[in-house]
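Colleague: I would like a close look at a single part of this protein. Please start with the overall picture, then zoom in.

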Amino acid sequence: MPSDTRGAPWVRTRLRTAPWSAVALGVLVLVSAFLAAVLPRAVEAYETDGLRDAVAGAAPEAAVLELKAPPPGLELPDETRAEAVRPGALAAVGARARALLPAPLRADPAQSAYGVRTAESLEGLDAALPRPDGLPPRFTLLAQSAAAAHATVREGRLPTAGRVGVDTRAVEGAVTRETARALGLRAGSTLTLAGYPDRPLTVRITGVLEPRHPQRSYWSAEPVLRTPGLVSTTGRPPQFYWEAGVLLAPGAAPALLGGRGEPERYWRFAPATGRLTGADAPALVAAVASLEDGPGLVALRGVAGPVAQLSTGLEQVVGAYTATRDAIAPVVAVAAFGVAAVAAVVLVMSGGLAAARRDAELALLRARGGSLRGIAGRLLAETAVPVVPAAACGLLLALLVVDGGRPLPAVLGAGSVALLACAVLPVRAVVAHRRPRAHRERDDLAHARPGGRRLVAELTVLVLAAGAVAALRRRGTEGPGDLLVSAAPVLVGVVAALVLVRLYPLPLRWAAGPAGRLRGVVGFLSLARAGRAPAAVAVLPLLALLTALTTAAFGGSVLAGVADARDRAALLATGADARLETADGTLPPELAGAVGEVAGVRQVTAVGFAYAAERASDETRSLPVIAVEPDSYASVARLTGLGGFPADRLGSADGVLGAVASPGVAERFGRAPRRIVTDTGAVTVRVTAVNPRTPAAPEGEFLLVDAAGLKGFGGPTTLLAAGAGLDAKALRAAVRDAGAGVSVTLRADERAALSGSPLQAGAERVYLWAVVAGAVYAVLALVLGLLRTAPERAALLALLRTLGLTTRQGRRLLGLEALPQALLAAGGGMAVGWAAVRLLAPGVDLDRLALSGASGGSVPGGAVLRTDPWSLVLPAAVTVLLAGAVAVAQAWWAGRRTPITHLRAGDTR
């Protein structure tokens, strides 16, 4: 039988030779591909949630698309006009109009409605109706569809309609509970409404309804239908009258055509959010523009009439969302660039570790005639076997973890990881062995001399970093996304790493001289070994560590700035950790004591409000005067950090009350005694201290005085409680026990409301996890760098042990050898992180990330990016400790083996 001369397959042989290396590479690629694929999907997911929340949470009168059209003209017969507004005709028009809504606009049938309404409200003539200033109430009549599906009948029944025509003057209607309570109506009441030429319209109330979802569009697209309100006239002084809505049966719509209430047909389409995605925002704005004044409106007029008009505020809602998203995206991109850069360095280091381990093998293949193409092809094949399935698994895991979103960005991210992981080893091998060589050349820092190409590359990175920083400081993160601007912190870290690598040998040489004159050899050997570390071992881990530390410092400062802004905004909203107020009368006397006994409350103070005229001749009293108990109020002000002052500043002398004033009031009053006129009489005050803010009135002007000095003062209307860990449930229980009519506002609730937006919460979550992933990759880079020189270090330790080196000295040697690079990375990371924050802070806008609402909130000075000390010190300290721990662990592991395990005859290590 002829022998098989083909030999063993290359890939199978190599994988069997080093199975654990293949497994480790596969795990690294799987994790990296998962992160690269899940990041864009996570961003799309929170952007989608943010758009849906913005549309669903907008005021119904702003988000609803309302198509309006006048009724048929008077030139038509009454029966024809009546048929055009009956439910069947309106439903048919509504169905055709809904089908014409351009994608991605979709209507929610459950909250959409159609009908006929009076654009001009009708005056109620009944004498029994309430008249606040002698003016009769006015009613808007709506013959709206599907009332039974959106209301629960609490009294009576739903209105019905027989054969109603244009000349009908008696119809049935229903009102909500709030309308019935405000206007004194009930089932069986009648309303006589003016506005008809022959005789008034009589509306018989057949039922009192309770809306099932009062805040949704069916009831809130026209709020007067749900809740009546007092409306003021334009005269001086203004007079008030009630404005309310009455729900008629849909079949009663023809009766509205006979009056002067300017009846109009309407179709309200509530936008459905279930299928919206973050990428739909531009198309959504374009669709609304088309419907308001474009081809979409022309199509709707072909269905609803030639003068039909569509109105909505949806474009403002989507525009506010888009502005917030565009402000947040560059900040999140900073973390994405950071983790991507560190992950790329780690993948390159993993390939470099494999190339270094097989350097002798590859050199032998080249010496025996192996071609670069053949070697690179075989290395590519053996690398692709674990990499490609691992990348596919990471992609699949990302698709399963985050549902929704476009698959293409995830595929590109995972594919990029697989391509880089497959290419590193062949490229490194081709570059290192492009010429056959007999022995390995030195590549340590002391011997390596950077070439011209490296200098050009470093200068290019420096120019890019300078341009990115200048652009970010000049125009900030507003406007369209700019990848160079978002990469500014990463580029700053890369430039710093390149500079430190060039300077790294200098301090080692300076320290080696004094260390050589010491009695022991450990210090000198450790410095000499650190200076002779391979250039790749020094450059890549340092690049990864500095990039990760810069990103962590920048990210930690961002998150700290966001948290500080939210804390400040919540404090300005409440003035203390808890604010208890009553709208009518004064607070119960026992409430302050009950609140003071709640767990976590450190101080409670009672506050009363009054208004004063600054001069006796003033007709209006517009100056807010705050009456307080000096000691407790000063304590609350000190605990909250809002305008603390000594309590004796509110003392009185010779009938003059000491006062703490806002800057504007202090400027007008000066320091001399000033007489003001309050509701209870005249009082003389003198400004003794100036504070821009105070807990009782965090915003605006104020004059703070001792309540005991105000004669006839009515009593406190507000309680302020200070205590960061107060028990909210116990506080509310104490308020309930003390009596009704007291509202409780907690600083913690205001703080939570500021971070409730899915867009903000998602961005913070992605940012935090990106920073954590970057830190983990940096640690892995440090470990790979130490593993790269592990055989040489183990051999050196074994050789020194044969010469009398003790185990303790061996641990110190390896620990001190790893210390210079760790200290350089830690110190450089802190310096670069501090410099990056200082350089980039003027161009980073955190307002939209920190505060809810399109306007970015209302914190004095805004959300400012400041250096967070913990974000600088903690990662750097962990880097040093971890480097020492890995070195000590390596020394312990090497010490467990005999020297003969590491030393071989002819070994040149």
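Modeller: A word on the ground rules. This is a predicted model, so local features need pLDDT of at least 70 and side-chain atom pairs count only at pLDDT 80 or more, while totals for chains, interfaces and linings use all residues. Residues are numbered from 1 along each chain as its sequence is written, and side-chain values use heavy atoms, with hydrogens and water left out.

A contact means heavy atoms within 4.5 Å. The chain has 909 residues, and 48% of them are buried. Buried means under 20% relative accessible area, exposed means over 50%, and partly exposed is in between (1.4 Å probe, protein chains only). The chain holds 30 helices and 22 strands. Both are DSSP runs, numbered from the N terminus: helices are H or I with at least four residues, strands are E with at least two.

Now to H23. This helix covers residues 728-738. Its buried residues are Leu731, Ala734, Val735 and Ala738. They span an arc of only 100° around the axis, so they sit on the same side of H23. The arc is taken from the directions that run from the helix axis to the C-beta atoms. Recall a general rule: an α-helix has 3.6 residues a turn, so residues three or four places apart point the same way.

Now turn the helix over. The face away from the buried side carries Lys729, Arg736 and Asp737, and these are exposed.

What lies over the buried side? The cover includes strand S13 (578-582), helix H20 (591-596) and strand S22 (742-746).

Next, look at the start of the helix. Asp727 caps the N-terminal end of H23. One of its side-chain oxygens lies 3.2 Å from the backbone nitrogen of Lys729. That is a polar contact: a pair of N or O atoms within 3.5 Å. Within protein, one atom must be able to donate a hydrogen and the other to accept it, and residues adjacent in sequence count only if both atoms are side-chain atoms.

Follow the cover back to S13. The loop between helix H19 (535-574) and S13 holds Asp577. Asp577 counts as buried because its relative accessible area is 13%. A polar atom of its side chain lies 2.7 Å from the backbone nitrogen of Gly723. Leaving out residues up to four places away in sequence, Asp577 touches Ala721, Ala722, Gly723, Ala724, Leu726, Thr745, Leu746 and Arg747.

For comparison, take a charged pair in another helix. Asp78 and Arg81 both lie in helix H4 (residues 78-84), 3 residues apart, about one turn of the helix. Their side chains meet in a salt bridge (3.8 Å, N to O). A salt bridge is a side-chain nitrogen of Lys or Arg within 4 Å of a carboxyl oxygen of Asp or Glu. Asp78 is partly exposed, at 46% relative accessible area. Arg81 is buried, at 5%. The whole structure has 24 salt bridges.

So, back to H23: Leu731, Ala734, Val735 and Ala738 are buried, and Lys729, Arg736 and Asp737 are exposed on the face turned away from them.
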